[in-house]
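The stops below proceed from one selection to the next.

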Amino acid sequence: MTTKGTLDDGVNYFLHSAERAGLDEELVALILRETADKLTVRQPRGRGLTEAEAAFLVESGAFTAKHLAETQHRIEEGELARHERNTHSGALARTLVATQVSDMLGISASRVRHRQAKNNLFGFLVGRVRLYPTWQFDPETRRVLPHLAQVVEAFPYGWHPASIEGFMTTPQSNLPPGLVGTHADETHVTPVEWLRNGGDPQALVEILEGIRRA
């Protein structure tokens with residue numbers, strides 16, 4: 001069992017890390033509350049696949065018998081639930097509150113909210129606080145990515161902010177390199193890189209429409 005001293009050290013380490021990273025105090029409090037809330041939702045244990053379901057997955061070629069056994073073990077031990085919590089907390093940490101966006105863009109907080117309402121900024125609510133992911137801002141120009149609204153409008157309804165972040169920061173096979181100032185030896189580019197370098201946003205819209213239809 002973790003001692004209180006060790007627990008205090010962990011909390012202090014988190015707070016000091018958040019301070020070094022420049023996270024807003026309100027955001028830090030939200031991360032702590034969200035993490036605590038998710039800890040109260042227990043991952044169901046002991047519910048594996050039936051023999052028929054497992055046999056089908058192996059025979060279909062989707063899993064080898066070894067891979068399937070390892071995956072079931074991870075589910076039963078709660079590893080996937082822990083990964084989900086970590087992904088969610090990471091997505092929260094990579095956000096800004098309205099006042100930070102206001103300072104960066106040189107506009108009022110009310111204009112920030114107006115832009116979000118028009119999909120010219122992407123934001124999501126955690127409790128009563130709206131957060132703005134950092135992936136949508138060019139770190140060099142400190143401006144919003146070009147054509148962002150067109151892409152935001154195409155996000156599948158109900159998509160989790162962590163899933164959206166994953167899509168925007170993961171190289172996509174439908175986005176070839178070399179067209180928007182990327183290096184020729186790169187295999188693919190991310191949607192963020194695509195927009196940042198002048199790529200056609202319709203290419204991203206078409207990928208997202210395919211995801212919605214799947």
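Rings of Phe, Tyr and Trp (its six-membered ring) pair if their centres lie within 6.5 Å; planes under 30 degrees apart count as stacked, over 60 as edge-to-face and the rest as tilted. This is a predicted model, in which local features need pLDDT of at least 70, side-chain atom pairs count only at pLDDT 80 or more, and totals for chains, interfaces and linings use all residues. Residues are numbered from 1 along each chain as its sequence is written, and side-chain values use heavy atoms, with hydrogens and water left out.

**The aromatic cluster**

Select Phe 122, Phe 124, Trp 135, Phe 155, Trp 159 and Phe 167, which ring pairs link into a cluster. By the ring rule, the count comes to six aromatic pairs. Centre the view on Phe 122 and Phe 155: the ring centres are 5.7 Å apart and the planes stand at 80 degrees, so this pair is edge-to-face. Phe 122 belongs to the loop between helix H7 (109-117) and E2, and Phe 155 to the loop between H8 and H9, so the pair ties together parts 33 residues apart in sequence. (Helices, H or I with at least four residues, and strands, E with at least two, are DSSP runs numbered from the N terminus.) Both Phe 122 and Phe 155 are buried, where buried means under 20% relative accessible area, exposed over 50%, and partly exposed in between (1.4 Å probe, protein chains only).

Trp 135 is in the loop between E3 and strand E4 (137-138), 20 residues from Phe 155. Trp 135 counts as buried at 7% relative accessibility.

**The sheet**

Display the strands next. Three of them form an open sheet in the order E1-E3-E2, with antiparallel pairing; strands pair if DSSP finds at least two bridges between them. E1 and strand E2 (124-126) are the edge strands, each pairing on one side only. E2 pairs with strand E3 (residues 129-133) over three bridges. In strand E1 (residues 95-96), select Thr 95, which counts as buried at 2% relative accessibility.

**Helix H11**

Finally, select helix H11 (residues 201-213), which has 13 residues. Which of its residues are buried? Pro 201, Leu 204, Val 205, Ile 207 and Leu 208 are.

Notes:
The expected span of a helix is 1.5 Å times one less than its number of residues.
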